[in-house]
Amino acid sequence: MTDNKATPANRIGAGARRAESGAGAGNDAGNSMEKVRGSGSGGGKGRGAGSRAVAGRGSDKAAGASRGDGVGAGSIGFSGDGTGSKRGDGIGAANRTERMSGLGAAGQRVSANKDGGPAVRIGGPASAGGPAAAGKAVGGRRPKRGGGPASARSVALDVLTGVDEQGAYSNLLLNQTLQRSGLSRPDAALATELVYGTIQRLNTIDHFLGRFVRGGLAKLEPWVRSLLRLSYYQLAYLERVPDHAAVSEAVNLAKRRGHAGIAGMVNGTLRTVIRERDGGGLTVDGRGLTPAEALALRHSYPAWLCQRWIDRFGLETAERICAAGNTPPHTSVRANALRGSREELLHELQQQGVDAAPSELAPQGLVLRGGGSAAMLPQFAAGELSIQDESSMLVAELLAPEPGMAVLDCCAAPGGKTTHIAEKLRGEGAVWASDVHEHKIKLIDEQAQRLGLTNIRTICADARELAHRFPPESFDCILLDAPCSGFGVIRRKPDLKWAKMPDDIPAINAIQREILESIHPLLKPGGVLVYSTCTIEREENEDTVQAFLANHTEFALDKASPVRLPEPLLPFTGMVTILPHQFGSDGFFIARMRKANRS
């Protein structure tokens, strides 16, 4: 995954936002075995709050449900002109993958999903500690619906309120609301930006808004709180949205859904936001804050996560990682080598007027710039390309299966890496693709059919039980793309940073190690085992690999890379970490290990 860490900034471009296309689910990073309860952040300093319970085994919690690879279905894709971007060049218009939910009601618990489907609910508003605040809430009457045609802001308000008040899933509720709204494509793009941008910047928004609302945000009704949040987001981060438009529609929405008193409060609060912004009052100077707290407030992250990254990478790199998580990912596609070369696909796309360039990270990858969904390209339907992040493409390159081999992909859905492996086998041999959920197996089968791949065998199974499904030493290569904390894909799923807690990392790591222990006997002597994650946490990555190697001396890191890596990733030690700011791709970790031949 390439690191796309931008330089620190308080305002972001919004035209081409954090997703690839209507058919791509990015490298999603929910965890199918975890449950969440609690609130996103407190005190305006990015500190996560609330309790967390990580469950063990179970059909809905098994480790086989791994991240998406850019081929999952169900994402929301829009093209347009980048309406509302702050500093962006207007390329793309909020082409979004499905997201995890945002600001759910306190105490709700639900297991997360790794492929962009229903995911974590987060308890209560970030600064309020939940809806059960003492005293009578401002805007306490049930908000009135209707009163005019839908607008981008009214749709965003409905979604954010549903997420806050009912614990709804932001991605699903947004998709449903947009389908009913009748919005134009640019307005749908703006509504999408307002929903995800507000969730992304929630910590910072609540910190400053809390100064301007008498009694604090906790005393507001969810719809009023959501209205102020999305309006603040426009005023602070979206340069192309005129102040008067943001304030005027917020006041009109407050009148239609509440009463004149609420409208006056909204108007006064937003006028104060504008004055403070113009006077430099919405900047974070860091006085009285630790470096981690200041970083958390500047970029809207939990302070505990910022502290981890500062400890490991240093303050400068941690800042770039955080900034990259708030920038839109570019769209990248992988050429199907069975249908033509990357160069042929590049020429074909350029002839169609698509702004495309070769990936510097992935040999089969192309980076697409400009608006529109890659899933709408004729080459997608024809099976000439797949939508996949560049870092994710590097996994199969480092596995390097050869024609005729038997390959196992342990946590395969929705199939981006599986299909890449099958393409590299060139129709000879086979790849067995396993996932714990039947509906995800169907996604792999659909991708195989679209790409014309006949050598993929799908299995519905928990990855920890695969050793009971196959004889020992059945495979020439094994890929374990393990379930993980997902901190490398925050730009695609900003809810992740509010959903995770520090004790999730060791809990998830225990499952990663359990899978490694269970599947390694299936590898033939002389075979290659690749372990990968879409996180940048040492415990889940280097420490896990080193512990495995210490316990299994028949395995060793293979330092001979089968693919040419770009200079920032050299020297190759058998392990490689791609930070989100380095190449503009997802954060990723990949380790290549080889099992010794029998003497």
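1. C534 lies in the loop between strand 13 (523–533) and helix 18 (542–551), where helices (H or I, at least four residues) and strands (E, at least two) are DSSP runs numbered from the N terminus. UniProt, in an unreviewed entry, lists C534 under "active site"; UniProt positions are given in the numbering used here, feature names are shortened, and annotations may be inferred rather than shown by experiment. C534 is buried, with a relative accessible area of 0%, where buried means under 20% relative accessible area, exposed over 50%, and partly exposed in between (1.4 Å probe, protein chains only).

2. The model is predicted, so local features need pLDDT of at least 70 and side-chain atom pairs count only at pLDDT 80 or more, while totals for chains, interfaces and linings use all residues. Residues are numbered from 1 along each chain as its sequence is written, and side-chain values use heavy atoms, with hydrogens and water left out.

3. The chain has 19 helices and 16 strands, and buried residues make up 63% of its 599 residues. Among contacts (heavy atoms within 4.5 Å) between residues at least 6 apart in sequence, 78% join residues at least 24 apart. The chain exposes about 19,900 Å², of which carbon and sulfur atoms supply 49%; accessible areas come from the Shrake-Rupley method with a 1.4 Å probe, and for residues only the protein chains shown count as cover.

4. The unreviewed UniProt entry also places a "binding site" feature at a set of positions including C411, K417 and D481. C411 is in the loop between strand 9 (406–409) and helix 14 (416–425), and at 2% relative accessibility C411 counts as buried. K417 is in helix 14 and, at 2% relative accessibility, K417 is buried, while D481 belongs to strand 12 (residues 475–481) and is buried at 1%.

5. Which side chain does that of D481 join in a polar contact of 3.0 Å? The partner is the side chain of K417, and the side chain of K417 also makes a polar contact with the side chain of S392, at 3.2 Å. A polar contact here is a pair of N or O atoms within 3.5 Å; within protein, one must be able to donate a hydrogen and the other to accept it, and residues adjacent in sequence count only if both atoms are side-chain atoms.

6. How many disulfides does a search of the whole structure find? The search finds zero, a disulfide being a pair of cysteine sulfur atoms within 2.5 Å. For C322, the closest cysteine sulfur is that of C306, and because the two sulfurs are 4.0 Å apart, they are too far for a bond. C322 is buried at a relative accessible area of 0%, and C477 is buried at 2%.

7. Helix 5 (residues 222–237) has 16 residues, and its end C-alpha atoms are 22 Å apart, in agreement with the 22 Å that it should span at 1.5 Å a residue; the expected span is 1.5 Å times one less than the number of residues. Helix 5 is mostly covered, with 16 of its 16 residues buried.

8. Helix 6 (residues 243–257), with 15 residues, reaches 21 Å from its first C-alpha to its last, close to the expected 21 Å. Its buried residues include A246, V247, L253 and R257, and what covers the buried residues of helix 6 includes helix 1 (152–166), helix 5 and helix 7 (260–278).
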